[in-house]
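Hello,

Here is the model you will be working with. Please have a look at it first; my notes follow below.

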Amino acid sequence: MDFRQLRFARAMEFTIQEINNRTDLLPGITLGYQIYDSCSEAPMAVKIAFLLTNGMAPFFNYTDSCSKSAAAAVSAVVGETTSSPSLALARMLGLFRILQVSPYSTCACLSDKLQYPAFFRTIPSDDHQAVAVAKMMKYFGWTWIGAVRSDNDYGNYGMASFLKAAQEEGICVEYSESYYRTQPRSKLERVTNIIRRSTARVIVTFINSGDMRYLLEELSKHQLPPLQWVGSYWITNPELLRFNMCAGAIGYGIPRSVIPGLREFLLDLSPEQALKSPLLTEFWESSFSCSLKGKTGSSGGAQECDGSQDIRALQNPYTDTSQLRITNLVYKSTYAIAHAIHGVICNDTQCDKSAKFAPWQILNQLKKVNFTTKNGYQVTFDSNSDPVADFELVNWQFKQDGSLEFVTVGRYDSSKPRDQEISVSKAIRWLEGQTEVPRSVCSESCPRGTRKAVQKGRPICCYDCIPCAEGEISNKTDSLNCVQCPPEFWPNIQRDSCLPKPVEFLSWDDTLSIILTAFSIAGAFISVCVTAVFYKHRTSPIVRANNSELSFLLLFSLTLCFLCSLTFIGQPSDWSCMLRHTAFGITFVLCISCVLGKTMVVLMAFRATLPGSDVMKWFGPLQQRLSVLVFTLIQVLICVLWLTISPPFPFKNLKHYKERIILECELGSAIGFWAVLGYIGFLALLCFILAFLARKLPDNFNEAKFITFSMLIFCAVWLTFIPAYVSSPGKFTVAVEIFAILASSFGLITCIFAPKCFIIMFRPEQNTKKHLMSKVPSKSL
């Protein structure tokens, strides 16, 4: 016998007596009742439904009738306490619009008002519980769970709702198994084997108490890994507290309550009163293991009850009123029906005892009820005839004596904002007495800097952690995707944040810049020194013979060439970008123009020694100056057009290097740049050709030879510069350009002025007009 279910039935009896004794609710009206036992089976519930609708004699004789045909006058039904029998009842009673209020049938399917128009309940549906459990999984960080359910309407519908809610919360289910107590034992053994071998440490159950008892008994026969049980409504069933393997179990239960006077009513039972009802007789004999006198058909072998039995000394679910949860729902259900009847036949002051009413009138009135019970609980129904979801978070904890007890550790209130429904108010004791939340995940969380990669053929909770690709980051754990850094940012080593890319340019404090600056200043200093030497010996034959005016102009341009390389060092700006290219172009054209002028002077001088030649009057000092000026002005014009149409500008190069920014001068117009460079090359080539033609002139000191060497070096440097310039990365592009400027400048000053300075400084005997004018046999270059 299920003593807990008997307590539910007697709680309805107590409530009806309490209502009948009230003067404000149904005054002058006495409610009657009949109690039926469906044995929690749907076929028995169908049979009872036929009895209720056909007005037949009661199936189980426990009646307090107000008339001889009480069965025919049934106005409402309190029950069933499980979902499958309730479904059977609701289909039959709904056809006749007979009101049914269940305190414990949670199947979400019963919220369908088309199929079950007369069904109400005072317990939230499984949809609410399923969502609450799924939110609990997320709240405690459990993403890898097992699931077991009763193979009936309660378990199947409840688990289906939970799996849907769990999927929305990102929770994966390793297995989902079902079992019902009437199924073969092999099915139960299969379920227990799956539980033992699983990797999930958390098990969510939608199981009624009877099936749960069978499952735990089977599991207790084997060695089990530590499991965290998450219960449905069985979590508050005191009969299951004997299974210590469930210590630390947690789940949602109906809020605990107190019903004044109920305990006294339950204990106010004597053997004489028990004999009046077969149910109470069976309860008495089962509790005290004796036979009541006067019982028809008593077993002769049983010891008769001698009257010394004290019901107050009993310790069983019938007398346990410390956790009134479902019992309170029976209390609320009964009161709800009474208020609905009151609303149909009563006004503010009195009730019409002779009023005739149809069951559908009670049904319609129940939809409107809104009252508070004597023990302080509000009763109302929504459009689906369900109450507002409100659960206690119950935890199984050990007492000092080693036994388990229910401890309320928190609450779930569906009326609160999202992510605030769950509140924990007390410390939770988990499996094996742990104080830390147990972990149950298929894969550990992916740290920052990685992303999830789902393992093929496995649930989404089973994944590998893949480092973010180059240029991407993830700044939170368990990222599904990595995020590309903005163009001017680059990930740190951990790849969990984007840092500004370092900006690279040829700065003044760079070692390479210091070296190039030293060479540039040294070259300019050498040019100044050569100029000083030439100026001091300006009247000497070697200086006068080599066109001193063009030589000084060439030394001045070389000094500018050395110094213009400095404009390429430092952070590029609008002005520096325009200055560096134009200064380089103009100074080098000035330099090459001077060399070209000197070459032409050599050729013209040789031609002038021929009889009858007057060529020198066409290439005198004025013409030399004009040629240098014209050649230079052409380059100035090219630079002006370049700067006017599309000048160079600072540019952040993000493509050459992924991890850093190259700050460089964009050419603006590539045609302008190559025009400047091409014009320099054209003059250098022309100068080389002319110098090459004059290399074998029979002077003792033939400057054309040295110009030929200098132009050869110049052209070689700049022909090498072009591919090196195009292929050099970052700041080395600028360094290559500076190197080309310095190399060509050093080549010019070395080849043209070094021999002259050597003669002036170390061979003064050769610095005579006689020596310079003497003829020597020509030699091949």
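Asn-152 caps the N-terminal end of helix 5. One of its side-chain oxygens lies 3.3 Å from the backbone nitrogen of Tyr-154. Helices here are DSSP runs of H or I with at least four residues, strands are runs of E with at least two, and both are numbered from the N terminus.

Before you read on: this is a predicted model, where local features need pLDDT of at least 70, side-chain atom pairs count only at pLDDT 80 or more, and totals for chains, interfaces and linings use all residues. Residues are numbered from 1 along each chain as its sequence is written, and side-chain values use heavy atoms, with hydrogens and water left out.

Helix 5 has 16 residues. Its buried residues (under 20% relative accessible area, 1.4 Å probe, protein chains only) include Tyr-154, Met-159 and Phe-162. The buried residues pack against helix 3, helix 4, strand 6, strand 7 and strand 8. The face turned away carries Lys-164, Gln-167 and Glu-168, which are exposed (over 50%).

Gly-170 follows helix 5, with a positive phi near 75°. It is found in the loop between helix 5 and strand 7. At 30% relative accessibility, Gly-170 counts as partly exposed, the class between buried and exposed. Beyond its neighbours within four places in sequence, Gly-170 is in contact (heavy atoms within 4.5 Å) with Thr-143 and Cys-461.

Best wishes

Technical notes:
The expected span of a helix is 1.5 Å times one less than its number of residues. A polar contact is a pair of N or O atoms within 3.5 Å; within protein, one must be able to donate a hydrogen and the other to accept it, and residues adjacent in sequence count only if both atoms are side-chain atoms.
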